[in-house]
Amino acid sequence: MENIRRRLSLPFEENFYAGHTACQGCAAALGLRYVLKAYGKKAIFAIPACCSTIIAGPWPYSAFNAPLFHTAFETTGAVIGGIEAALKAKGYKVKGEDGIMVVGWAGDGGTADIGLQALSGFLERGHDGLYIMYDNEAYMNTGIQRSSSTPYGAWTTNTPGGKKHFLERRHKKKVIDIVIAHKIPYAATASVAFPEDFMRKLKKAQRIEGPSFIQLFAPCPTGWRSPTDKSIELARLAVQTAYFPLFEYENGKYKINMPSTKKEPKPLEEFLKLQGRFKYMTKEDIEVLQEWVLREWEELKKKAEVFG
Amino acid sequence: MPIRKVMKGNEAAAWAAKLAKPKVVAAFPITPSTLVPEKISEFVADGEMDAEFIKVESEHSAISACVGASAAGVRVFTATASQGLALMHEILFIAAGMRLPIVMAIGNRSLSAPINIWNDWQDTISERDTGWLQFYAENNQEALDLVLAAFKVAEDERVLLPAMVGFDAFILTHTVEPVEIPDQEVVDEFLGEYVPKHAYLDPERPITQGALGFPAHYMEARYTVWEAMENAREVIKEVFAEFEKKFGRKYHIIEEYRTDDAEIILVTMGSLAGTVKEFVDKKREEDVRIGAAKITVYRPFPIEEIRALAKKTKILAILEKDISFGSGGAVYADVGRALINEKERPVVLDFIIGLGGRDVTFENLEEVVDIAEKALGEGVEEEIHWIGLRKEIL
């Protein structure tokens, strides 16, 4: 037990309690556990209406051993801005080595779609806070509807596929590029399959003043029609196939963490074939998505080369 | 010593905010309220106000930031109007349900369509069910005073509800009047520092706020808002009494004017009360037994006060700058609710008037009196009357 703890180098203290109400294999719940490990009671959370509203538990229960404010769907960016302003007015140190962390935790729909304006305001105004978008690539809490973060070829309940229209036909919106366009000090992607990398990024987000943003890849077995014991594997494959590469943007500089830029990423099909949501894709569809992934990967590598 | 300054209604509201010393202000520009945050920006820039001013990207975010800040336990102020208030609608419920004593100044303005920037009360009236206290000012002095009183009521432990203070677009927001600015020390004594004793977001004390309420609990949570609003009735009286002691100006939940032997009482709110009182004076000279009543506190609705008023007269004529399509004026409905089980009650008529900034003239008010007198003699034909409609362009 001691050895395992040391090898994982994660804080032992749990501030996200058992008894939460996430589905089996929910990577968002795992993500919350890591964030609460990283900041513990040094954080105040705002969560909009999303899966995490449910996961945190209904009144009078709470899985959070940290202050938590439940807010409306599109307001995360604005609410954490307000909390940060109030804490500063009260004389708290916000962010920095021992500072209080104000954390917005919202899904892809609450970030890429309905909450995009409030997110932009939060970033542009330079609040000292952290916005984490846990990306499970659809509106899962309402019952698996596509969001602008849903990938090409995915089945969802409103891209069901039929005689005239076939599944999701748009590529995944690159929210992190929109975030970076605000020229904030720190933005990163992270994955539940690489908790140490995630933890390091959380700590960095705490140290760096100003707004930070982390897009956390969070498989959803319920919505992805994937086995509940495959969430970590899927998250890992998303990185290894360069479908969801891990990188950091820090003060104008890009740094790719994973996968290796020296060799070819794994074929995308390895990631796709474990998920029921992609099972209706034809060979041509898979080619379209594979091509898109590699083009995006090339673009990111170029950015890291030029602005490394 | 209090000083007197000539200022616009918007400035009066900004001065009230300055005196109340909120720690966070979040606001977005909108006609006719823009000058309130503008003036506050100047106060902050000059170091006269020690507040974090968040220049948000929408009214929705303005009220959301206010909610976040208030939930973290500090005094919070904002201002808006019209479409801005409508955009906030969703979050207004949250502010009340989470028992956050935010105070908001509103330059009462119409709602689109058609787009119109002038005065009526449709914006605040449409938010009457959100759980916010509502005050309406007759003049710029009242705008300042009621903002201060609103903070005191809102933050009272028996209430803990947000409050909006309405003052009419342009008629008050952009009109200059002499306003007495109270001494800071006296305001400090009156309001005190806001130190929440209830749950708030405190890094030292992890608490979850606003968790999912199942059917087994939701109704009780809503009931506490009802209860708080009921408690506010007594608290408002106490606060108005203390206000008079501290600042020398007396406020009433309903202010009556020459109602004693009145057969007709014109009931209204906001700046229209000024016009109506002057009209009453004129009619009294013509020996018409008429009076006026001004509703200063619209939420909680002054049910007992309306009942007492009703006992004095044969006709209550409600003059209001709002309309609930398919029903009638909102104030009319509320007055009806107050009187429905009274054994004896006057005739109550509704007059929709002055929408979208249309001037309310003595000629209009004469028409109101004519209709009221006719109803008194011949009985009620119609209950809802649109006054001053230009039928020739319909």
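I started at B:Phe170, which lies in the loop between β7 and β8 (176-181) of chain B. Helices (H or I, at least four residues) and strands (E, at least two) are DSSP runs here, numbered from the N terminus. Phi of B:Phe170 is near 60 degrees, a positive value in a residue other than glycine. For the cut-offs, buried takes 20 or more other C-beta atoms within 10 Å of the residue's own, exposed 12 or fewer, and partly exposed is in between, with C-beta atoms placed from the backbone.

Before going on, I noted that this is a predicted model, where local features need pLDDT of at least 70 and side-chain atom pairs count only at pLDDT 80 or more, while totals for chains, interfaces and linings use all residues. Residues are numbered from 1 along each chain as its sequence is written, and chains are lettered from A and ligands numbered from 1 in the order in which they are written.

Next, A:Lys183. This residue is not a glycine, yet has a positive phi of about 55 degrees. I found A:Lys183 in the loop between α7 (175-180) and β5 (186-191) of chain A. A:Lys183 is exposed, with 12 other C-beta atoms within 10 Å.

Then the cis peptides. I logged one between B:Thr31 and B:Pro32, with omega about 5 degrees; B:Pro32 is in the loop between β2 (24-27) and α2 (35-45) of chain B. Another joins B:Arg299 and B:Pro300, omega about 0 degrees, and B:Pro300 sits in the loop between β13 (297-299) and α10 (303-310) of chain B.

In α3(B), 13 of 13 residues are buried. After the helix comes B:Gly73, with a positive phi near 95 degrees.

Chain B overall: I counted 12 helices and 16 strands. Its radius of gyration is 21 Å, close to the 21 Å from the globule rule for 394 residues, so chain B is as compact as a globular protein of that length. That radius is taken over C-alpha atoms, and the rule is 2.2 Å times the number of residues to the power 0.38. Of the 394 residues, 54% count as buried.

How many residues meet across the chains? I got 40 of chain A in contact with 36 of chain B, contact being C-beta atoms, placed from the backbone, within 7 Å. α4(A) gives the most to the chain A side, with 11 residues. I also saw two bridges joining β2(A) to β9 (residues 208-209) of chain B, and the strands run parallel; pairing needs at least two DSSP bridges. A:Leu68 stands opposite B:Thr208 in β9(B).

Last, the domains of chain B: domain 1 is 3-247 and domain 2 is 254-393, with bounds from an automatic or database domain assignment. Their centres, over C-alpha atoms, are 28 Å apart.

Conventions:
Two residues are in contact if their C-beta atoms, placed from the backbone, lie within 7 Å.
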